[in-house]
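Please look through the sequence and the structure shown here, and then read the report that follows with both at hand.

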Amino acid sequence: MKQLVILSGKGGTGKTSVTAAFAHLASSVDSPVKAILADADVDTANLELVLAPQVLERQDFWGGKIAKIDRDTCNGCGICQQVCRFDAIHLDAFIYEVDPIACDGCAACVYQCPEGAITMELQLAGEWFRSESLYGPLFHAALTPAQENSGKLVTLVKQNARLLAMDESYNMVLVDGPPGIGCPVISAASGADVALIVAEPTAAGVHDMRRVLQTTEHFGVEALVCINKADIHPLGAAEIEAFCREEGIQLVGQIPFDLSVTEAMVQGQTVTSFAPESPASQAIQEIWVKVMNLVLGGP
Amino acid sequence: MIIAVASGKGGTGKTTVAASLAATLADNEQPVFFQDCDVEAPNAHIFLKPGIDLRVDVNILIPQVDEALCTGCGRCAEVCEFHAIVVLAGKPLVFSEICHGCGSCTLECPEKAISENPKPLGILEGGHANTQIRFAHGLLNVGEPMAVPVISQLKKWQVPHQREVVVRDSPPGTSCPVVESIRGADFVILVTEPTPFGLHDLKLSVQLTAELGIPTGVIVNRDGVGDTKVDDFCTEVGLPILMRIPLERKIGAGIAKGDLLTEIYPAYEDRFYQLFEKIEGILVERGDKQ
């Protein structure tokens with residue numbers, strides 16, 4: 001079983017549209033791929049908006065812990081505030097209080113409090129779901145806004161996708177990644193066989209593509225690049241091509257700017273099902289064939 | 001005043017808006033302190049082109065155990081919430097990449113066998129984009145998972161002058177790095193696009209700013225694509241739409257090169273100044289009510 005993760009560095013380059021189209025293409029009757037889908041963008045999950053999932057199972061996600069000071073036991077010594085390196089404890093009208101948003105959950109204050117007045121409380125931080133979507137099983141999640149531990153939730157979503165893939169002999173887990181290069185991206189990329197970077201040929205897009213490629217290299221994940229909206233800035237596309245050539249990274253295709261991608265999204269569909277003949281769909285189809293063969297190690 | 005520019009969905013135009021707003025204020029003799037808090041994928045420097053003359057490391061303190069003093073009691077591992085220190089066969093092992101640098105193990109070690117060493121997580125860079133724009137951004141080191149300490153150090157690094165308006169560019173999403181970026185702001189501009197993805201993520205962002213209690217307004221970018229549901233939602237929950245930027249090839253091409261909106265169309269200077277005045281108006285009105 002192989003794991004393919006879609007990443008970008010910069011947000012909004014088209015990761016989810018490409019992932020959803022891949023899911024559609026992988027579901028065709030003659031496809032050699034049988035894929036399970038995982039949405040690893042757990043704070044702003046969008047795959048569910050175009051794959052029409054029926055939720056079969058939902059589970060609470062317990063995230064990190066947060067310190068809580070018992071007012072009756074607290075003697076007001078202030079040691080908790082001194083040891084907190086996250087500026088999470090404030091004196092408010094002679095009462096020490098924990099700012100739940102700043103609290104890192106390290107529990108240093110718990111052990112230093114001479115009165116034993118501080119306890120840690122587990123936080124309900126969201127939910128994760130197992131669904132049946134238009135194009136196969138989908139694992140996705142909803143991190144409550146302002147919550148931490150998105151990396152942990154990403155890992156949970158992916159683990160469950162992998163387990164089902166192994167149980168039911170699927171040969172691919174297709175992971176829609178989050179933007180950036182930090183904790184949720186590292187969780188999304190960990191264990192992946194191949195990362196496909198959806199790059200945008202803009203100055204910002206090229207900058208962030210380099211950062212995410214450094215990240216996949218750091219973790220030893222093989223990376224491929226495709227350029228989305230390639231014709232909006234041909235100079236940028238040429239820069240990406242030159243960069244990939246120099247670095248020995250395979251460029252697997254270019255998708256033209258095409259409003260049918262947005263129209264498909266508005267209809268709640270993937271672009272390849274909504275407008276299969278559109279220029280974007282044709283390009284994505286070619287990219288999919290290449291990526292699929294590379295991931296499966298076929299011809 | 002601190003204005004943060006954020007969005008749930010990525011690529012909606014946060015940096016374009018934040019940088020164009022900063023440039024407009026600067027042209028109107030209003031000093032600006034620009035903080036790019038998207039330390040994973042910082043882009044504002046591409047648009048504002050600052051000269052960088054200050055650079056500092058962001059470190060956290062990682063434990064180092066003196067094996068001569070360590071008795072292998074395991075108390076350090078017991079108090080570590082992140083399993084970043086474990087004791088195997090009487091020997092402590094530190095996993096620095098998952099350590100949060102909280103110092104709990106150091107404080108709890110009964111033998112005082114733990115000291116702490118700085119470990120770099122990223123860097124902060126600062127300078128000036130022009131005489132009126134002070135600029136700072138953070139860069140998370142590649143392979144480092146924790147963005148929040150870099151953002152919080154960036155916010156603390158240089159104190160804004162009283163006359164400066166602080167413009168903060170935030171990362172996408174609604175989780176902890178975004179919270180750290182917008183925390184302490186007086187106003188949040190949420191940039192969205194009128195598509196189902198844009199709307200879905202806007203709703204989450206609005207929950208977030210409501211939880212933090214920060215007044216919020218919306219900018220609709222790529223106006224004209226998609227549908228009208230973002231407008232309907234804003235009307236329904238009473239969120240002001242502060243500006244609309246149309247989907248236009250000339251704008252897209254200019255931004256792709258790293259041009260500000262105000263450079264592509266100088267008329268946007270007036271529109272961004274009006275945006276600033278609207279935000280001031282909203283804050284004054286709120287202040288009057290309280």
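## Two helices of chain A

In this predicted model, the residues A:Val18, A:Ala21, A:Phe22 and A:Leu25 of helix α1(A) are in contact with A:Ile284, A:Gln285 and A:Trp288 of helix α11(A). Sorted by class, the residues of this contact between α1(A) and α11(A) are six nonpolar and one polar, with no charged residue. The two helices, α1 with residues 15-26 and α11 with residues 279-296 of chain A, have axes that come within 10 Å and cross at roughly 70 degrees. Because angles of 65 to 115 degrees count as roughly perpendicular, α1(A) is described as roughly perpendicular to α11(A). The crossing of α1(A) and α11(A) is also right-handed.

## Domains of the two chains

The domain assignment divides chain A into domain 1, made of 2-61 + 126-296, and domain 2, made of 71-116. For chain B, the assignment gives domain 1 as 2-58 + 121-289 and domain 2 as 67-112.

| Domain pair | Separation of centres |
|---|---|
| domain 1 and domain 2 of chain A | 42 Å |
| domain 1 and domain 2 of chain B | 40 Å |

## Where the chains touch

How many residues of chain A are in contact with chain B? There are 54 residues of chain A in contact with 52 residues of chain B. On the side of chain A that touches chain B, the elements giving two or more residues are α4 (108-112), α5 (150-167), α6 (183-189), α7 (203-218) and α9 (260-266) of chain A. Of these, α7(A) gives the largest share, which is eight residues. By class, this side of chain A holds 23 nonpolar, 23 polar and eight charged residues.

## Two loop residues of chain B

Two residues of chain B deserve a separate look for their backbone angles. B:Glu29 is not a glycine, and yet its phi is positive, at about 65 degrees. This residue, B:Glu29, lies in the loop between α1 (14-27) and β2 (32-36) of chain B. B:Lys112, a residue other than glycine, likewise has a positive phi, near 50 degrees, and its place is the loop between α4 (104-108) and β6 (114-130) of chain B.

Terms used: Residues numbered from 1 in each chain as written. Chains lettered and ligands numbered in written order. Predicted model: local features only at pLDDT ≥ 70, side-chain atom pairs only at ≥ 80, totals over all residues. Domains from an automatic or database assignment. Contact = placed C-beta atoms within 7 Å. Helix = DSSP H or I, 4+ residues; strand = E, 2+ residues; numbered from the N terminus. Nonpolar A, V, L, I, M, F, W, Y, C, P; charged D, E, K, R; others polar. Axes fitted to C-alpha atoms, helices over the stretch in contact; angles between N-to-C directions. Parallel < 35°, antiparallel > 145°, perpendicular 65-115°, else oblique. Left-handed = near helix turned anticlockwise from the far one by under 90°.
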